[in-house]
Amino acid sequence: MTAPGGRRAELEARNAAMREQVDSLMSELHRKTAEVREAQARALAITATATSKDGSVTASVDSAGALTSLEFSPNAFERTTPDKLARVATETVIAAIAKSRTELNEVLATAQEGPSIDLSEMLPGVPSLADLIPPAPPVPTPPSSTPPPPRRRPSDDDDEGGSVMERSSW
């Protein structure tokens, strides 16, 4: 049989070891939480800009891939057709989104690196830190550069060739 003093010393030693383990877990939790906050701030600050090969279009997007700016060169409308310019603009926006997503994926990968102690492994019902970091979004790829079929010109219902807006029989 164990003496009461020996049992107490054993319990105090186990309690001290558990405190040390909890302190270590809490320290790791605080460190990882700070890393997640820092990664979130870096992710939200991401912007990306792309310029078309011919320089006619420049597009900027934010961290979510939302378009924040679309600029056309002064002679963009003189050098191309509306269909081609629309296609170049779309490809340029997609290129900016791809840059933004690539940078976002790098930030998220950095946040997910390294071994960590996860409270969910020790305490049932506690959310995992890994669940707080969203999966990396896919990087978009530009559509194929095959031109769409030519648009058909709408038929004119006006036999006289005048503007529809000038008609008085409405």
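Colleague: In what order do the three strands form the open sheet?

Modeller: Please keep in mind that this is a predicted model. The pairing in the open sheet is antiparallel, and strand 1 and strand 3 (67–72) are its edge strands, since each of them pairs on one side only. Neighbouring strands are turned by 10 degrees against each other on average, direction ignored, and the order of the three strands is 1-2-3.

Colleague: Which residue of strand 3 is the bridge partner of V57?

Modeller: Strand 2 covers residues 57–61 and runs antiparallel to strand 3, to which five bridges join it. In strand 3, the residue that partners V57 is F72.

Colleague: What angle does the direction of helix 2 make with that of strand 2?

Modeller: Helix 2 packs on the sheet, where it touches strand 1, strand 2 and strand 3. With the direction of strand 2, the direction of helix 2 makes an angle of about 35 degrees.

Colleague: Which element gives the most residues to the lining of the largest pocket?

Modeller: The largest pocket holds about 190 Å³ of space, and its lining consists of 10 residues, with S52, K53, V88, E91 and T92 lying nearest the centre. By kind, the lining divides into four nonpolar, three polar and three charged residues. The element that gives the most, with four residues, is helix 2.

Note on methods:
Residues are numbered from 1 along each chain as its sequence is written. This is a predicted model: local features need pLDDT of at least 70, side-chain atom pairs count only at pLDDT 80 or more; totals for chains, interfaces and linings use all residues. Side-chain values use heavy atoms; hydrogens and water are left out. On a 1 Å grid over the protein atoms alone, a cavity is a set of points where a 1.4 Å probe fits but cannot get out, and a pocket is an open set with protein on both sides within 12 Å along at least five of seven lines; lining residues have an atom within 4 Å of a point. Grid points are joined across faces, edges and corners, and a volume is the space filled by probe spheres set on the points. Helices (H or I, at least four residues) and strands (E, at least two) are DSSP runs, numbered from the N terminus. Ala, Val, Leu, Ile, Met, Phe, Trp, Tyr, Cys and Pro count as nonpolar, Asp, Glu, Lys and Arg as charged, and the others, Gly among them, as polar. Two strands pair if DSSP finds at least two bridges between them. Axes are lines fitted to C-alpha atoms, for helices over the stretch in contact, and angles run from 0 to 180 degrees between N-to-C directions. Contact means heavy atoms within 4.5 Å.
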